[in-house]
Amino acid sequence: MSAPTPATQPRMQAVRDFGRALLFLGKVISRMRFTRLQVAETLRQIYFAGVRSLVIIVTCGFFVGLVLTLQSYDALARFGAADATSTLLALSLFRELGPVLTAILFAGRAGTSITAEIGLMRATEQLDALDLMAIDPLERIIQPRLIAGMITVPALVLIFNATALLGGVVYAVFLMGTDSIVFWGNIQNTVELGRDFGHGMLKAVGFGIVASWLAVYYGWTAKPTGEGVALATTQTVIATAIVVLFLDFVLSALML
Amino acid sequence: MKSSHQIELTAGIFLLLAIAALIFLALQATDRGVVSGGSYEVTAEFTNVGSLRPRAQVNLGGVTIGMVERIELDPATFDARVTMRISDRYDELPEDTSASIVTAGILGDQYVSLEPGGSPEVLVDGDRILFTNSALVLEQLISRYLFNTEGGDN
């Protein structure tokens, strides 16, 4: 890609990696083109990243909702406040658990496969072949995956939240006999559309950008060996988890 | 491997599913929500509601059957009008049901307690409960006991 760079000191390595990732993102954005072909390819990537993640998102969401309701119902019942269970469930889902868990699950399920796919294309010189045919791989390969990831994560967060609430309904209403009017009424009286739900979705959009950006970046910069692709895949999961948790703290502090 | 046509279709369905989840969450689980069917509203007028708050419980026989929707002041009579939303499962409350505002324990939250009457007629959406007992205000009770200011009949 570029002329061999002088060896940097190891302690500057992280800063340099960050700069490279930023330049990479800028380059992809500056070369974006939206033809009919690109839109079709983006839809295909939404299928691979989104539809194929549905099973794990729905299962996870349902059981998170179930167990969160179970634990908070038990704890709140000791204070005679069992009716507040649904409020606690909705607030913690919308503001924290939904976006964070979905982003980490997305990194594990879809991010890794994006990294591995691009890394393998690099290792088998498919990216160079595209370049030789005067097809820009940034535009044809990276852009659809990046945009698909940005769209998919908020969509998955919405589905995660809805199924988790469903899990809460199953435990609180069907098993513990809370009246469903009380369950939904408490949520509607407390949860604000803009401040709670809206801020959670803003986080989801931010996490979507980070998760798909890191996935394509580690794939693009993977060393063209089997070992390099394996390392890049691992790095995607670790980096996404750390950055998402850090960003979650920053965004929460900014928005509260 | 599915055909690309099918893949695009499935992706479209996935996005529609997400939009459906968005609409469901926004309308059912936030303050902009419209409470779905399965409930009806009745009102009751009290001279004093004490510290009753919106979304306080409405109980009958100790079981929560609904919640206080809103509390407003009647501009003509200066009574507090409490609107309660009660679950459809309990749609056979007699017309002469009485409502009182009571406190859970000595420091607990105040809630509305309903006492069923014996009328064959039932309360329907928009009805008013005629028999009400206002909240007991602890300070007034103590003051009456200490200074016997209630009136001269004892």
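Start by selecting both chains and colouring the contact between them, to which chain A gives 29 residues and chain B gives 32 residues; two residues are in contact here if their C-beta atoms, placed from the backbone, lie within 7 Å. What you are viewing is a predicted model, in which local features need pLDDT of at least 70 and side-chain atom pairs count only at pLDDT 80 or more, while totals for chains, interfaces and linings use all residues. Residues are numbered from 1 along each chain as its sequence is written, and chains are lettered from A, with ligands numbered from 1, in the order in which they are written.

Next, select the side of chain A that touches chain B, where H2 (36–49), H6 (137–175), H7 (180–190) and H8 (193–220) of chain A each supply at least two residues. Helices (H or I, at least four residues) and strands (E, at least two) are DSSP runs, numbered from the N terminus. The largest share of this side, nine residues, comes from H7(A). By residue class, the side of chain A that touches chain B holds 18 nonpolar, seven polar and four charged residues, with Ala, Val, Leu, Ile, Met, Phe, Trp, Tyr, Cys and Pro counted as nonpolar, Asp, Glu, Lys and Arg as charged, and the others, Gly among them, as polar.

Now select helix H1 of chain B, residues 4–28, and display B:Ala11, B:Phe14, B:Ala18, B:Ala21 and B:Leu25, which are buried; a residue is buried if 20 or more other C-beta atoms lie within 10 Å of its own, C-beta atoms being placed from the backbone. Among the elements that cover the buried residues of H1(B) are H2, H6 and H8 of chain A.

Of the 256 residues in chain A, 45% are buried.

Finally, select A:Ile159, A:Ala211, A:Val216, B:Val82 and B:Val112, which touch the most other members of the largest nonpolar core, a set of 98 residues; such a core consists of buried Ala, Val, Leu, Ile, Met, Phe, Trp, Tyr and Cys residues joined through C-beta atoms within 7 Å. H6(A) gives the largest share of this core, 20 residues. If you centre on A:Val216 and leave aside its neighbours within four places in sequence, you will find A:Val216 in contact with A:Ile114, A:Ile118, A:Ile142, A:Arg145 and A:Leu146.

Key:
Expected span 1.5 Å × (residues − 1). Buried ≥ 20, exposed ≤ 12 C-beta atoms within 10 Å, placed from the backbone.
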